Amino acid sequence: MIEFRDVDKWFGSLHVLKRINLKVSGGEVVVVCGPSGSGKSTLIRCVNRLESIQSGEIIVDGQSLLDPKFDPSKLRTDVGMVFQSFNLYPHMTVLQNITLAPTKVKGLAAGEAEKVAKELLDRVGIPDKAGVYPANLSGGQQQRVAIARALAMKPKIMLFDEPTSALDPEMINEVLEVMTDLAHDGMTMVVVTHEMGFARRVAHRVVFMDEGQIIEEGKPETFFGAPQSPRAQQFLGKILSH
Amino acid sequence: MDFAVVINNVGFLIFQGFLGLGNFTGGTLRLAVPAIIFGFILGIFIGMGRLARSRWIYLPATLYVEFFRGVPLVMVIFWFWFIIPVVVGKSLPEYSVALAAFVIFEAAYFGEIVRAGIQSVPRGQAEAATATGLTRAQTMRHVILPQALRNMIPSLVTQCIVLLKDTSLASIIGYVDLTKAAQIVNNREIRPFELYLFIAVIYWLCSYGMSRYARHIERRLAVNPA
């Protein structure tokens, strides 16, 4: 479903992704972890071309992002993204946040889009918040709206960029539950997160990155049980000790 | 002090000088209102041009802003007054010349306000919109501009107030605005204190009215802050 082939990326002189090779199959849930600044977010932002790469190739759903006929807008309707800071549109109600892209990009009729939006709000557990502005929601509710907004485009792939990092501890679970449901429904997901419990329970594979490189990847039980590289051992030792 | 001079000439001062109704062209509001509207519309394009990726758009836009911000408005009005007849081959009425000069001059300032407003919207907003497949134009129209506009209100109001008061500069090419109207009456009646106090009150009421109205809009829009 997603394939990175020898991908390199620089921000100016900073080499943020080094020779990345990674394959994610359809229906797979991959958790990407690693210390901050290791290139995790940049990695997933390349998948929907929020960032461009300088060398190598990325293939999403059978299409190379380097293909001259490639249409980024079409790609982005197939790839949903959820951000650390939610990025809901503050001037629109929850319902408008969700229906904007389906009506403008896919040309869905307003009534149809609203129906879909309400079903999604039901699915993320906040059916009564349709008419509310984002400022009047808790962080956990905002993030669930953001997930519903991404799902409204009926994507084949969902990218999560530290979706719970900006949340108060008691709200983290409500978001993780929605993500777990999504994974169980067979969605292809790439999740950048520090939630190791979620990785252990839900991920099919864990990818560990450091300094722009993929250091180690494997099944969660192997990765958490017996990490191979010293760097991963050190990382896990630090974040799992408390 | 004798305010009879104001009462006797109130029709001329208000209808002619301030509003711009009557036989010969003039009027502060008649110049200021379209200058604000068209100046702002042009300013939106200048401001977006300043943020464009293509240098063929942002360089001219930047040049435009830097140029018109760097020269005095009076000078721009003079230029238009003397240059347009040479270019077009006939002289235009004072009103058209003054309006053109104001729109083009003020667009530079409005453009900077628009640019700052657009840049005040967090980057994540555009990213979220882009990630759902919206084009750059759709993102601008539905996500960025509505938020930018709200952030622009205080600076926009200041600029509108400045513009309203600056319309008095149009009198140098013979345009009869409120200040010029007061001057005309004063030349006949020699009552400068009463007349200029009266027009000061009119200008002040307008400016204060605008800033009160702006505060009202800001409060209404601030019900759902980010």
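These legends describe close-up views of a predicted model. Local features need pLDDT of at least 70 and side-chain atom pairs count only at pLDDT 80 or more, while totals for chains, interfaces and linings use all residues. Residues are numbered from 1 along each chain as its sequence is written, chains are lettered from A in the order in which they are written, and side-chain values use heavy atoms, without hydrogens and water.

**View 1. The open sheet of chain A has four strands in the order 2-1-4-5, paired antiparallel.** Strands (E, at least two residues) and helices (H or I, at least four) are DSSP runs numbered from the N terminus; two strands pair if DSSP finds at least two bridges between them. Strand 2 (14-24) and strand 5 (63-64) of chain A each have a single partner strand, so one side of each lacks a neighbour in the sheet.

**View 2. Strand 1 (residues 2-11) and strand 4 (residues 55-60) of chain A are joined antiparallel by five bridges.** A:F4 has A:I58 in strand 4 of chain A as its bridge partner.

**View 3. The largest pocket holds about 1,000 Å³.** A pocket is an open set of 1 Å grid points, over the protein atoms alone, where a 1.4 Å probe fits, with protein on both sides within 12 Å along at least five of seven lines; lining residues have an atom within 4 Å of a point. The volume is the space filled by probe spheres set on the points, which are joined across faces, edges and corners. Its lining has 29 residues, with B:R53, B:A126, B:T130, B:R136 and B:T139 nearest the centre. Helix 8 of chain B gives the largest share, five residues.
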